[in-house]
Amino acid sequence: MPSVIDICNSALDKIGQTPIMSLADGNKAAKVCNRNWPLARDKALRDAIPNFAVRRAILAPSVTPPAWGFGSSFPLPADNLRLIEVLDHSTGDYRVEGGAILANGSVMRIRYVSRIEDPNAFDALFCDVAALALALEICEPITQSNTKLQGIAELYEQALTKATRAAAQENPPVPFEEDSWIAVRY
């Protein structure tokens with residue numbers, strides 16, 4: 001099972017640095033990894049949309065409605081990193097603003113990417129994506145090499161594509177609902 005240190009060391013390997021033993025080490029690499037890990041992890045989760053991080057929720061409206069335009073405000077879950085889908089919303093008219101979904105209705109069903117902090121939940125492809133996301137964040141402060149940074153950025157895009165494809169292959173295709181623009185053609 002991977003640990004945060006394993007992922008940090010993978011990122012350090014990718015930029016040609018020596019591994020660390022702990023995020024509490026006093027060296028520059030450990031300090032930079034410790035500072036940038038949460039941001040890189042969340043960025044990778046948001047970009048990759050891995051299946052292990054997808055959650056479903058039924059949202060209730062808050063007691064305070066929006067000032068204008070919509071009848072209800074549905075606060076997003078605290079662990080939300082990215083809204084994937086709003087389900088069964090009859091009008092299709094909603095906006096995401098200020099950590100909430102503004103819409104008309106009394107209930108909102110959503111799918112979203114959750115913040116997963118335990119690296120034991122990560123799959124192997126996502127570990128590589130997370131390590132490369134961290135490598136992107138720490139490359140400049142540690143190496144001061146734009147060439148290496150560009151190489152890491154290319155590797156990140158390749159790993160992200162591979163992880164996204166693998167996650168997509170694990171699920172059947174999702175049929176899209178026909179709206180009035182499509183239905184009128186029939």
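Predicted model: local features only at pLDDT ≥ 70, side-chain atom pairs only at ≥ 80, totals over all residues.
**Helix 2 against helix 4.** I looked up the crossing first. Helix 2 passes helix 4 in a right-handed crossing (the near helix is turned clockwise from the far one by less than a right angle). Helices here are DSSP runs of H or I with at least four residues, strands are E runs of at least two, and both are numbered from the N terminus.

Residues are numbered from 1 along each chain as its sequence is written, and side-chain values use heavy atoms, without hydrogens and water.

I then checked the geometry. Axes are lines fitted to C-alpha atoms, for helices over the stretch in contact, and angles run from 0 to 180 degrees between N-to-C directions.

I listed the contact (heavy atoms within 4.5 Å). Helix 2 gives Lys43, Ala44, Asp47 and Ala48; helix 4 gives Tyr156, Leu160 and Thr164.

I found 3 strands in an open sheet, order 2-5-4, with antiparallel pairing (pairing takes at least two DSSP bridges between two strands). Strand 2 (72-75) and strand 4 (94-97) are at the edges, each with a single partner strand, so one side of each lacks a neighbour in the sheet. The twist averages 25° from one strand to the next.

I followed one pair. Strand 4 and strand 5 (residues 100-103) are antiparallel over 4 bridges. Tyr94 has Ala103 of strand 5 as its bridge partner.
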